Amino acid sequence: MKLYTYWRSSAAYRVRIALALKGLAYESVPKHLLRDGGEQRRADYLELNPQGLVPGLEDDGFFVGQSLAICEYLEETCPVPPLLPSTARDRATVRSMALAIACDIHPLNNLRVQQYLRNEIGQGEESVARWTRHWIARGFTPLDALVARHSKDGRYCFGASVTLADACLVPQMYNARRARVDLSPFPRLVALSAHLEGLPAFAAAHPDAQPDAE
Ligand SMILES: N[C@@H](CCC(=O)N[C@@H](CS)C(=O)NCC(=O)O)C(=O)O
């Protein structure tokens, strides 16, 4: 398998966590998101992924984009260890937490959104930073409430083992720290993330551990 990735991409980070948890070997194909206008926007990559985003996964001639679609593909093709719980209701809950991050927090702060704010709407660095911090904090407030409701002992977002929700939370916490979000209102998320980051699969997936890390 090949993973089109960028060390700092939090969407790719989710997939790297899933691959590491499942013990799946893959070739890392870095796409530098900033160099020369962004390697993800070059014609050869757009041929594979018309969205021009990372991550993308190639498996024996099959290509799929979108981190959660990739994680679900890995879950179905390699079900052990599972990233989703065994009942429909629990799976729905875990997916709702993962989607709260992937659909309602992350897209607002993406590179192309920030570039649009800066270059097309004329916002300065401080405004863009405020925007980023605002949307992460707005998203973390309900997420924290969901973790309080569904985590068994404060070590995982849901129940007492790793799920897809954890694979989404840790990269989003990485982004939050990069954006200097005030995390003091979210001690539960901070503690949970610290625990997860210590697990070998999460450590292997960390941006600084990637071959293209700068
Ligand atoms: N919803 C997508 C988001 C993918 C995405 O936005 N990736 C970012 C990096 S985290 C990207 O490729 N950005 C490039 C750009 O904005 O041009 C997913 O979950 O895979």
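This is a predicted model: local features need pLDDT of at least 70, side-chain atom pairs count only at pLDDT 80 or more; totals for chains, interfaces and linings use all residues.
Which residue in E2 is the bridge partner of Tyr4? I looked that up first. It is Val29.

**Sheet**

I went on to the strands around that pair. E1 (residues 2-5) and E2 run parallel and are joined by four bridges. The whole sheet is open, has four strands in the order E2-E1-E3-E4, and its pairing is mixed. I checked the edges next: E2 (27-30) and E4 (62-65) each have a single partner strand, so one side of each lacks a neighbour in the sheet. Ignoring direction, neighbouring strands are turned by 20° against each other on average. Then I looked for what sits on the sheet. Helix H3 (residues 67-77) packs there, touching E3 (56-59) and E4. The direction of H3 makes about 130° with that of E4.

**H1 against H3**

H3 also has a helix partner. H1 (residues 10-21) packs with H3 at an angle of about 10°, and the axes are 9 Å apart. Angles under 35 degrees count as roughly parallel, so I put H1 and H3 down as roughly parallel to each other. From H1, the contact uses Ala11, Arg14, Val15, Ala18 and Leu19. From H3, Ser67, Leu68, Ile70, Cys71 and Leu74 take part.

**H4**

I ran a length check on H4 (residues 88-102). Its 15 residues reach 20 Å from first C-alpha to last, close to the 21 Å expected at 1.5 Å a residue. Which residues of H4 are buried? I get Thr93, Val94, Met97, Ala98, Ile101 and Ala102. Their cover includes H1, H3, H6 (125-150) and H7.

I repeated the length check on H7 (residues 164-178). With 15 residues at 1.5 Å each, H7 should span 21 Å, and the end C-alpha atoms are 22 Å apart, which agrees. H7 is mostly covered, with 13 of its 15 residues buried. After H7 comes Arg180, and I noted its positive phi, near 55°.

Last stop was the largest nonpolar core, which holds 54 residues. Phe140 and Leu169 have the most contacts inside this core. H7 supplies the largest share of the core, nine residues. What does Leu169 touch, leaving aside its neighbours within four places in sequence? My list reads Ile101, Phe140, Leu143, Cys157, Leu189 and Leu192. Two of those names were already in my notes: Ile101 is one of the buried residues of H4, and Phe140 is listed with Leu169 for the most contacts in the core.

Definitions and conventions: Residues are numbered from 1 along each chain as its sequence is written. Side-chain values use heavy atoms; hydrogens and water are left out. Helices (H or I, at least four residues) and strands (E, at least two) are DSSP runs, numbered from the N terminus. The expected span of a helix is 1.5 Å times one less than its number of residues. Buried means under 20% relative accessible area, exposed over 50%, partly exposed in between (1.4 Å probe, protein chains only). Two strands pair if DSSP finds at least two bridges between them. Axes are lines fitted to C-alpha atoms, for helices over the stretch in contact, and angles run from 0 to 180 degrees between N-to-C directions. Contact means heavy atoms within 4.5 Å. A nonpolar core is a set of buried Ala, Val, Leu, Ile, Met, Phe, Trp, Tyr and Cys residues joined through side-chain atoms within 4.5 Å. Angles under 35 degrees count as roughly parallel, over 145 as roughly antiparallel, 65 to 115 as roughly perpendicular and the rest as oblique.
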